[in-house]
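Dear colleague,

Please find the structure we discussed handed over below.

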Amino acid sequence: MEKNTAKRILDVAQDMVRNRGYSAFSYADIAQQVGIRKASIHYHFPSKDELVKELVKRYREEMGKACDRITQSTASLDQQIVQFANLYRNGLEEHQICLCAMLAADFEVLPQPIREEIQTFFSHTENWVINLLQQGCDNGHWDCHPSVEQEAKGLIAMLQGAQLLARSSADSVVTFEQVVYPLLTAKFAKA
């Protein structure tokens, strides 16, 4: 039961952070949605900082699993890039953006342990993208200039920026698709 309560707390907190950001939610907000007392949240997560650190760690692990599923699929490299982009697109269907992108906006005011978890998330995600792009460059499928590292950073920045832009539009999913997919096709579709 305790593990289920901790998971429910994390689930609700994750939704709140992905919608509102770090500063715009409290234990009282979580307690109300989960249907427990604030003291119960403190039992599992003694401080908001510890809760958010655990959220980022869990989110990083979930992103890693999603990326592993893409890698293990039989999809072409072009399709894998689109599947990766869809990880960002799909959050918009629930009116959410990337947890770490949302937290990065508050990076300077976050405690160091949360900053380190965010940096680890971006590092792991970037490394996965680098590996994918390197495969495409090695087999002549893509031309990554000036480097796969810069292409990976650019791709992640584009996806997160597209989420932010799309979030303020009337139909965020359509806006995201209009921004991202033509750019992916222009850059990563095999000629």
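A pocket is here an open set of grid points with protein on both sides within 12 Å along at least five of seven lines, and its volume is the space filled by probe spheres set on the points. Please bear in mind that the model is predicted.

The largest pocket holds about 270 Å³ of space. Its lining is made up of 14 residues, and those nearest the centre are Arg18, Tyr59, Met63, Ala66 and Leu87. Helix H1 (2-20), helix H4 (48-72) and helix H5 (77-93) are the elements that give two or more residues to this lining. H4 supplies the largest share, with six residues. Sorted by class, the lining comprises six nonpolar, four polar and four charged residues.

Aromatic pairs

Five aromatic pairs were counted, on the criterion that ring centres lie within 6.5 Å. In one of them, phenylalanine 121 and phenylalanine 122 have ring centres 5.2 Å apart and planes at 75 degrees, so this pair is edge-to-face. Phenylalanine 121 is buried, at 0% relative accessibility, whereas phenylalanine 122 is partly exposed, at 22%. A further edge-to-face pair is formed by tryptophan 142 and phenylalanine 188, with ring centres 5.1 Å apart and planes at 75 degrees. Tryptophan 142 sits in the loop between helix H7 (112-138) and helix H8 (148-167), and phenylalanine 188 belongs to helix H9 (residues 172-188); the pair therefore ties together parts that are 46 residues apart in sequence. Tryptophan 142 is buried at 6% relative accessibility, and phenylalanine 188 is buried at 6%.

Helix H2

In helix H2 (residues 27-34), the buried residues are Tyr27, Ile30, Ala31 and Val34. They lie on the same side of H2, because the arc they cover around the axis is only 100 degrees. Gln32 and Gln33 are exposed on the other side of H2. Glycine 35 follows H2 and has a positive phi, near 85 degrees.

Cysteines

Searching the whole structure gave zero disulfides. For cysteine 100, the nearest cysteine sulfur is that of cysteine 98, 5.2 Å away, while a disulfide requires two sulfur atoms within 2.5 Å. Cysteine 100 is buried, with a relative accessible area of 0%. Cysteine 144 is also buried, with a relative accessible area of 9%.

Yours sincerely

Terms used
Residues are numbered from 1 along each chain as its sequence is written. This is a predicted model: local features need pLDDT of at least 70, side-chain atom pairs count only at pLDDT 80 or more; totals for chains, interfaces and linings use all residues. Side-chain values use heavy atoms; hydrogens and water are left out. Buried means under 20% relative accessible area, exposed over 50%, partly exposed in between (1.4 Å probe, protein chains only). On a 1 Å grid over the protein atoms alone, a cavity is a set of points where a 1.4 Å probe fits but cannot get out, and a pocket is an open set with protein on both sides within 12 Å along at least five of seven lines; lining residues have an atom within 4 Å of a point. Helices (H or I, at least four residues) and strands (E, at least two) are DSSP runs, numbered from the N terminus. Ala, Val, Leu, Ile, Met, Phe, Trp, Tyr, Cys and Pro count as nonpolar, Asp, Glu, Lys and Arg as charged, and the others, Gly among them, as polar. The arc is that of the directions from the helix axis to the C-beta atoms. Rings of Phe, Tyr and Trp (its six-membered ring) pair if their centres lie within 6.5 Å; planes under 30 degrees apart count as stacked, over 60 as edge-to-face and the rest as tilted.
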